[in-house]
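Good morning, everyone, and thank you for making time for this short talk. Please have a look at the structure on the screen, and then we will go through it together, beginning with a single residue.

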Amino acid sequence: MSLAPIYDVCAADATVLALIPDGNADIRLYPFGEAPEGVLKPYVVWQRIGGSPENYLTGRPDVDGCSLQVDVYGDTAASVLAVSVAIRYAIELKATITGFGPQDRDPDTKTYRDSFDVDWFVYR
C-alpha cells in the first residue's frame, strides 16, 4: 500500500514549520510509535486507519485510497488547536478531512489532544 505524503506536504508549509519545528529544519510529525520519548510539545502523530487500492476491470490500479488518523498533542488547548488548524490547511488541498475525533486531556499527564481523520488518494 502506498503511504500518504502527509509529512512532505506539512514540512513544505511555512505555518506548520513555524509551529512544530524540531530544530533541524524538520517538523515534529511522526508515524505511529515513532515520536521520541520526551519530545517537545506540541507534536503530531499519524497512523493509517484504512484504505484500499482502486479497482479497475482491466489493468493494475494506479492509485490507492489511504485513510489516516492525525493526533495533535500539546501542553495547552490553544497550541493544540493552532497546530490542528495549520495541519488541516496544509493538507486539505491534497486530501479530504473526513471527520473530527475527540478533543481531550489526559488526566495523568495533563496533555491536551485533538484528533481528525483524513482520506488521501496516493498515486503510485
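Predicted model: local features only at pLDDT ≥ 70, side-chain atom pairs only at ≥ 80, totals over all residues.

Leaving aside residues up to four places away in sequence, Ile91 touches Ile6, Val9, Cys10, Ile97, Phe116, Val118 and Trp120, where a contact means heavy atoms within 4.5 Å. Residues are numbered from 1 along each chain as its sequence is written, and side-chain values use heavy atoms, with hydrogens and water left out.

Is Ile91 buried or exposed? Ile91 is buried, with a relative accessible area of 0%, where buried means under 20% relative accessible area, exposed over 50%, and partly exposed in between, using a 1.4 Å probe and protein chains only. Ile91 belongs to helix α3, which covers residues 77-91, and the C-alpha atom of Ile91 is separated by 21 Å from that of Asp62, 29 residues apart along the chain.

Turning to the whole chain, we find three helices and five strands, which are DSSP runs (helices H or I, at least four residues; strands E, at least two) numbered from the N terminus. From the N terminus on, the order is α-α-β-β-β-α-β-β. Of the 124 residues in the protein chain, 37% are buried, and among contacts between residues at least 6 apart in sequence, 55% join residues at least 24 apart.
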